[in-house]
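Visitor: Hi! I'm new to reading protein models. Could you walk me through this one?
Guide: Happy to, let's have a look together.

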Amino acid sequence: MREKVWLGACPSYEPDALLRQVDAAFQALGIYNEIKPGMQVVLKPNLIMGARPEAAICTHPAFTCAVGRCVQRAGGKVLIAESPGGPYTPGRMKAVFKSSGYTDMAEAWGFQLYTQCKSREVPLRQGQRLREAAIVEPFLEHDYLIDLAKLKTHGMVGYSGAVKNLFGAVPGLQKPEIHCRFPDREDFSHALVDICDFLQPDLALMDGVWAMEGDGPTGGDRREAGLLGASKSPYALDVCMAGLIGFPAGAVRMLELAAQRGLGPPSPEHIEILGMPMDRLRSGDFKKAKAASTDFVDRLPRLLRPAAKRLATPWPRISKTGCVGCGRCAESCPQKAIAIEGKRARIDYSRCIRCFCCHEMCPRHVVEVKRLGLFTL
Ligand code: SF4
Ligand code: SF4
């Protein structure tokens with residue numbers, strides 16, 4: 001049976017227009033028949049860091065609100081949970097909810113925000129790289145799980161959507177540990193699929209009204225794409241959304257791996273599209289992140305690969321101005337490669353595995369992605 005993906009367009013975060021679209025997605029996918037009165041429904045937005053909605057880094061609170069209201073229409077109780085980068089503590093979680101516009105929204109609509117920050121180690125029995133992981137408790141204890149992704153480009157894995165969003169179920173500083181265990185994009189992509197396969201969200205929705213292109217997931221440019229998507233398969237949703245922004249089938253390794261494991265479809269041709277057809281929604285390719293693919297290295301003779309990979313892989317550099325020495329990059333660095341000296345961050349490149357967690361977590365966006373001119377085409 002082909003997976004179904006609902007696609008829609010919405011030019012703004014105007015609440016009634018969004019609600020109509022999300023309601024249409026729920027109806028098309030039969031979600032109102034699945035969520036029963038009294039069910040605990042956990043929403044997992046992308047709140048990688050505390051950021052204003054206008055920055056297009058986080059799932060917009062108006063989008064999460066529209067989904068929460070549809071859950072309430074079905075009789076479900078809404079709990080919003082997430083683990084951003086950096087230390088996972090109640091104080092920091094409250095601050096992230098507040099600065100991302102979630103606190104007032106949740107209070108206005110009677111949604112609960114999860115700030116207890118508890119997690120448990122669990123086995124990932126189907127995992128091909130990750131065989132166990134710490135997972136934040138609401139993602140283990142719920143009646144229904146909804147993945148609320150943000151449509152973005154991504155420095156390490158190229159594209160960030162519904163599958164990548166679930167990496168946020170791993171608490172705070174345990175995320176850099178996974179980066180550290182799997183510094184290679186191939187292994188890390190496998191680990192992302194392992195987590196998604198373990199969590200198996202009941203529904204995934206994509207906020208692409210304001211998306212991000214370029215140096216995502218936090219340092220790129222806002223792109224007013226006006227795109228929305230929904231599916232019971234996070235893999236199928238990603239295949240469609242990635243296709244809409246210029247990643248053809250096979251261009252996103254984690255989706256290719258998921259297809260090889262039989263978890264998701266290999267291309268949009270294997271998906272039943274509901275709502276608007278893809279041809280009417282395509283709005284031109286997104287700018288890719290500078291820390292983009294080094295796939296061509298795999299086609300070189302084996303002996304040349306290590307040196308070529310080293311040369312082709314971008315590296316992080318603290319820009320000459322703008323660093324305030326806040327230490328966010330250092331606390332999220334899995335290799336402890338960053339020291340704060342004289343109110344400025346300094347990278348020890350002998351330890352750096354080029355995971356770009358520092359680039360993602362810098363609130364001032366002063367960790368640049370550098371690469372040799374030869375590889376910037
Ligand atoms: S590079 Fe960014 S995150 Fe790191 S200390 Fe400087 S301002 Fe803070
Ligand atoms: S310095 Fe940055 S890119 Fe290098 S290991 Fe640390 S977080 Fe990753």
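**A walk through the model**

Guide: Let's start with ligand 2: of the 13 residues around ligand 2, the nearest are Cys333, Cys352, Cys355, Phe356 and Cys358. Keep in mind that this is a predicted model.

Visitor: Okay! How do the residues of the shell around ligand 2 divide by class?
Guide: That shell has 11 nonpolar residues, 1 polar and 1 charged.

Visitor: And what about ligand 1, which residues are the closest there?
Guide: Ligand 1 is surrounded by 14 residues, and the closest are Cys323, Cys326, Gly327, Cys329 and Cys362. By class, the shell around ligand 1 has 11 nonpolar, 2 polar and 1 charged.

Visitor: Let's zoom out. How is the chain divided?
Guide: There is a domain 1, covering 3–281, and a domain 2, covering 295–375. Their C-alpha centres lie 26 Å apart.

Visitor: How many residues are in contact between domain 1 and domain 2?
Guide: On the domain 1 side it is 22 residues, and they are in contact with 16 residues of domain 2.

Visitor: And how much area do domain 1 and domain 2 bury between them?
Guide: About 1,500 Å², with 60% of it on carbon and sulfur atoms. In domain 1, the residues that lose the most area to domain 2 are Met49, His179 and Cys180, which together make up 25% of what that side buries.

Visitor: How many salt bridges are there between domain 1 and domain 2?
Guide: The count there is 0 salt bridges. What the rule does find across that interface is 4 residue pairs in polar contact.

Visitor: Which helix gives the most to the side of domain 1 that touches domain 2?
Guide: That's helix 6, residues 174–181, with 4 residues. Taken by class, that side of domain 1 has 10 nonpolar, 7 polar and 5 charged residues.

Visitor: Back to salt bridges, then. What does the count come to by this rule?
Guide: The count comes to 18 salt bridges. One of the pairs is Arg120 and Glu141, whose side chains meet at 2.6 Å, N to O. This pair links distant parts of the chain, 21 residues apart: Arg120 is in strand 5 (residues 119–123), while Glu141 is in the loop between strand 6 (132–136) and strand 7 (144–154).

Visitor: Why can side chains pair up like that?
Guide: Side chains of opposite charge can pair when their charged atoms come close.

Visitor: New topic: the backbone. Is the peptide bond from Gly216 to Pro217 cis or trans?
Guide: The bond from Gly216 to Pro217 is cis, and its omega is near 15°. You'll find Pro217 in the loop between strand 9 (203–213) and strand 10 (221–223). As background, most peptide bonds are trans.

Visitor: And is phi of Ala56 positive or negative?
Guide: Phi of Ala56 is positive, near 60°. Ala56 sits in the loop between strand 2 (40–45) and helix 2 (61–73). In general, most residues other than glycine have a negative phi.

Visitor: One last thing, where does Gln112 lie?
Guide: Gln112 lies in strand 4, residues 112–113. Leaving out residues up to four places away in sequence, Gln112 touches Val78, Leu79 and Ile80. Gly101 is 11 residues from Gln112 in sequence, and the two are 14 Å apart in space, C-alpha to C-alpha.

How values were computed
Residues numbered from 1 in each chain as written. Chains lettered and ligands numbered in written order. Predicted model: local features only at pLDDT ≥ 70, side-chain atom pairs only at ≥ 80, totals over all residues. Heavy atoms only, no water. Domains from an automatic or database assignment. Contact = heavy atoms within 4.5 Å. Buried area = accessible area lost by both parts, 1.4 Å probe. Salt bridge = Lys/Arg side-chain N within 4 Å of Asp/Glu carboxyl O. Polar contact = N/O pair within 3.5 Å; in protein donor to acceptor, adjacent residues only side chain to side chain. Helix = DSSP H or I, 4+ residues; strand = E, 2+ residues; numbered from the N terminus. Nonpolar A, V, L, I, M, F, W, Y, C, P; charged D, E, K, R; others polar. Near = heavy atom within 4 Å.
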